[in-house]
Amino acid sequence: MESLLNRYRNITVLLLVIAAQLILLAVQVKNNRDIPFVRVWTVTAVTPIASVVEWFRGGSSGFLHNYVFLRDADAENRRLREEVGKLKMDNIFLRNELSQADRARALQVFQSNTQSKTLAARTIGAGPGSGSKTIYVDRGSVEGVERGMAVVTPDGIVGKVIASYPTASEVLLVTDPDFAAGVVSQKNQARGTLKGQGNGPCKVDYVPIEEKVEVGEWFYTSGDDRIFPRGFPVGMVTAVHEGQPFKEIQVEPSGLQHGLEDMLIILSGVHQEIPDTAPGNQPVYIAPAPPDAGKTPGADASGAPAAASSTTAPATEADRLRAHYKALGDAQNHVFGENLPGQKPPNFNLALPPGGVQPLVKQNGVQPPVKQNGVQPPAKQDGVQPPVRQDGAPPPTPNGAPGPAKQNGAPPPPKQNGAQPPVKPNGAPAPAPQDGATTPANPAGTPPAKSPALPSGGGRG
Amino acid sequence: MDYSDSRILLSSQRESNTSRFRAWVTVVVALAAILFQFFLPRFFDFLRFVEMPFLVVVYFALVRRSQIGGLLVGALVGLAQDSLSKHPLGMFGIVKTLVGYFAASVGLRIDVDHSMVRLVLTFFFYIFHQVLYWVMVRALLSQPMDLDPQRTALSALLNAVIGVALFHFLDKLRDRA
C-alpha cells in the first residue's frame, strides 16, 4: 500500500488539491456566499504594498509634473512680459488656471455640495484577468464602506462596491458585463436597465419600443436599484435602434471619461431631481467678483458701478447719520467745524432730495431688499465672499454635477424645473444662510442658482 | 550555452538540471507577479493581457522539475489571484494547479533551458490556461464568457515572448543543485 502511494504520489496530491478547490468552489456557488477570510488575507497583504507603491508613484510624478509645469510657466511669463506686458500676462495666466481646473478640487467641491454622504477614494489597483473590469480603491470597511455602495464622480456613476475589506474595496465598473443599474432618460422619463458590455459603451435594456429615446439624450440613475440614488448622470445616448421587444440603446458612460484616479463612495445616498438640461448644458451661476478696495462698492457683476453714487456706502448707523448731516451741510453751504461759536447752525430738519443718502448696508450677511433707481442694492462691505469657487472650476449644478462656467459673467437664465432658487416672491434677494455666507448680488433680478447643500460629513481623512 | 548540438529531450531524470530557489525568492517573485497584475493595468491598460502570475507558475514548475512543487505553487498563486478577482475562489486556483503540474511534468522530460522550448511551452500552456478557464467559467459558474481564438493566440504569443525574457531574468536568481 505504501509503495502504491509512493508510486502515485504526484497524481494523488494533484487530485487532492484539485478536489479541495472544487469543494471550495462548490460551497461558494451552492450557498451563493463567499469565503471571506481568504480574500481578506490576500487583499490585506497586497493593498498596503500597492498603497505604498502608489504613494511613491504619485509623489514622484507630482514632483516631476510640478517642476516641468513651473519651469514652463516661468519661461512663458518672461516671454509674455516682453511681448505684451503685465496685464496681458495676468490675463493669460488666469485663463490657464481656469482651463487647468484641478479635478481633485472639483471632486471636493462636488462632495461638499452633493446631499449624499460620500467618502473620497483613490484607485490603487486593478482586478486580475484580461477581461476584468474591476478596480480596487483605498477605502475599506474601516472607513464605513460596505458591499453594494455606489461609486460616482462629478461626471457620472463609476460602479458599485462588490467587496469591502478592512483596508480596500473592490469596485465593479459600469463597463463590466455583470454590472446593472436602473436608469431613466432625461426627456421622456423612459426607464431601463444599464448594463456593461466589457468595453466601450454600455447598453440600456428593457426600454419598450413605444418609448421615445433620442441620440444625445442623457440617462440618469432612477434610484430603482436601491444602490444609486436618483438623479446622478449616467451617460449620453450614442445610438438607438429599434429592437424586439425592447429598444437597443447605447450609452457612453460619463463617469469614466476622465480616468479613474479619484472618486466618491456614497455612504448614504439622497435622491435628487432629474435636471431639465444635460449636464454639459445646464446654466451655471457665477457670483460677481468681490469689490476692489479702491472701487465703488455696489458694482454689479459686469463691473459697472452702481447708480447710487461714487462715494462709499455707509456701513453702520453712525456712517449713515454722518452722511446725512454732510448732505444737509452741503445743501446749505455749511462746513462743519469751521463756524465760530454763536453762529447759526444748519437746519437739520431740512428735507433732502431722494437719493441723497445711501441706505445702510448691514453687516450680518442680510442685504436690505431695497433697490435704488432700479439698480441692485449695494454690495456687502464685510468682506464675506459670495460662493465663488476658488479653483476656477464651474460650480456644481443643482444635481450636484459641475457644469461649464460662463466666461462673460452673464447671469444664467431662469431655471425651468421646479427647483427654484431662493428668491423672494417680490423679486428681492433672499436672505443669506445662517452660517454667514451671503446670497450673491443679483445684477438684474435674475434668480441665482440653487444654494449649495451643506457639506457632507464623510470626507477623506 | 550553445544549443546547436544540445539535445532537447532528456534521456533520464539524472540529466535534468534541477534548480532550487530560496524560499523568499519564490514568495517575493510570486507576490511581485500578483502586484504587477494588480497595479500596472491601472496606468497601462494595454498590459492587461500580460498574465504575470501564469508566467511565474510556468517558470517555477519548469525549472524545479517537481510536480508537487509545481502544482502547489500554481494553487497558491491561483488562489491569491482568485482572491483579487470577482469570481469565486478556486477558478484560477484549479487552472494554475493543472498548469503547474503539467509544466513540471514536461520539465522532467525536456531541456527547458532552451529559449525556443520555453517560447513554445509558454505559448501552449497559455492557450491551455485560457481555454480551461473559459470552460470552467461556462461549465461550473454557468456564466457567459467570450473566447476569441485570434485574440487568445496573439496574447499567447506575446506572453510567450515576455515569458522568455522574464525566465532569462529569473534564471539569475536560482541556485543550481
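Predicted model: local features only at pLDDT ≥ 70, side-chain atom pairs only at ≥ 80, totals over all residues.
Two strands are said to pair if DSSP finds at least two bridges between them.

I begin with chain A. In this chain, strand β2, residues 134-137, and strand β5, residues 169-173, pair in the antiparallel sense, with 4 bridges between them. To place one of these on the model, please find Thr134(A), whose bridge partner in β5(A) is Leu172(A). In general, the strands of a sheet pair through backbone hydrogen bonds, and the pairing may be parallel or antiparallel.

Where does this pair belong? Both β2 and β5 are part of a closed barrel of 6 strands in chain A, with the order β1-β2-β5-β4-β3-β12 and antiparallel pairing.

In the hairpin of β6(A) and β7(A), 5 residues lie between the strands. Strand β6 covers residues 180-185 and strand β7 covers residues 191-195; they run antiparallel and are joined by 5 bridges. Val184(A), for example, has Arg191(A) as its bridge partner in β7(A). In the turn, Gln189(A) has a positive phi of about 55°.

Strand β7(A) also pairs with strand β8, residues 202-205 of chain A, again in the antiparallel sense, this time over 3 bridges. Here Leu194(A) has Val204(A) of β8(A) as its bridge partner. How many residues separate the strands of the hairpin of β7(A) and β8(A)? There are 6 residues between them, and Gly198(A) takes a positive phi near 95°.

For chain A as a whole, the count is 6 helices and 12 strands. The chain has 461 residues, of which 34% are buried. If we take the contacts in chain A between residues at least 6 apart in sequence, 64% of them join residues at least 24 apart.

I now move to chain B and its helices. Helix α2, residues 52-64, packs with α3(B) at an angle of about 170°, and their axes are 9 Å apart. Angles over 145 degrees count as roughly antiparallel, and α2(B) and α3(B) are therefore roughly antiparallel to each other. On the α2(B) side, the residues that meet α3(B) include Val56(B), Phe60(B) and Arg64(B); among those they meet in α3(B) are Val73(B), Val77(B) and Gln81(B). By class, this contact has 7 nonpolar, 4 polar and 1 charged residues.

Helix α3 of chain B, residues 67-83, packs with helix α4 as well, which spans residues 91-109; the angle is about 155° and the axes are 7 Å apart. These two helices are therefore also roughly antiparallel to each other. Their crossing is right-handed. Among the residues that make the contact are Leu71(B), Gly78(B) and Asp82(B) of α3(B), and Phe92(B), Lys96(B) and Tyr101(B) of α4(B). The contact of α3(B) with α4(B) divides into 12 nonpolar, 10 polar and 2 charged residues.

Finally, how do the chains meet? In this model, 30 residues of chain B are in contact with 32 residues of chain A. Which elements of chain B give two or more residues to the side that touches chain A? They are α1, residues 23-39, together with α3 and α4. The largest share comes from α3(B), with 8 residues. This side of chain B comprises 18 nonpolar, 9 polar and 3 charged residues.

Methods. Residues numbered from 1 in each chain as written. Chains lettered and ligands numbered in written order. Axes fitted to C-alpha atoms, helices over the stretch in contact; angles between N-to-C directions. Parallel < 35°, antiparallel > 145°, perpendicular 65-115°, else oblique. Left-handed = near helix turned anticlockwise from the far one by under 90°. Contact = placed C-beta atoms within 7 Å. Nonpolar A, V, L, I, M, F, W, Y, C, P; charged D, E, K, R; others polar. Buried ≥ 20, exposed ≤ 12 C-beta atoms within 10 Å, placed from the backbone.
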